[in-house]
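Please find below a short note to be read alongside the sequence and the model. The points begin with the surface and then turn to other features.

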Amino acid sequence: MIMASQPDTLTRQHLESLRRLLPNYLVLLHNDDENSMDYVVQVLLRVVPRLTVEEATLIMLEAHLKGKAVVVVCPKETAEFYRAGLESYGLTSTIEPE
């Protein structure tokens, strides 16, 4: 028996339902006066591999100049993983709902 397959595309309604079930969180990097700027960039690249050197540098500079910067926006579980990774290298990081 051949069964009709469902399309792989999600409708706007399905996407909105997923967003309510899995809301996004901001991973924030806070200013760090103890570690060098180069070290912060290297940690960002190691912990969040999808960042480019340029993106990591801009995040570091924003945190340095403004007190904090958004590293990435992602589901809560992933945000907690990134926060823990940043903190494991001695950086101050928090998460908050988008």
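**Note on the predicted model**

1. Met37, Leu58, Leu61 and Leu65 make a nonpolar surface patch of about 390 Å². Patches are made of residues with over 30% relative accessible area and no salt bridge, nonpolar side chains (Val, Leu, Ile, Met, Phe, Trp, Tyr) being joined within 5 Å; a salt bridge is a side-chain nitrogen of Lys or Arg within 4 Å of a carboxyl oxygen of Asp or Glu. Accessible areas come from the Shrake-Rupley method with a 1.4 Å probe, and for residues only the protein chains shown count as cover.

2. This is a predicted model: local features need pLDDT of at least 70 and side-chain atom pairs count only at pLDDT 80 or more, while totals for chains, interfaces and linings use all residues. Residues are numbered from 1 along each chain as its sequence is written, and side-chain values use heavy atoms, with hydrogens and water left out.

3. Helix H3 (residues 53–66) gives the largest share of the nonpolar patch, three residues. Leucine 65 lies in this helix, H3, and is exposed at 67% relative accessible area (exposed means over 50%, buried under 20%, partly exposed in between; 1.4 Å probe, protein chains only).

4. The chain has four helices and three strands, in the sequence pattern α-β-α-α-β-α-β. Helices (H or I, at least four residues) and strands (E, at least two) are DSSP runs, numbered from the N terminus.

5. Of the 98 residues of the chain, 30% count as buried.

How values were computed: Patch = residues over 30% accessible without salt bridge, like charges linked within 9 Å, V, L, I, M, F, W, Y side chains within 5 Å.
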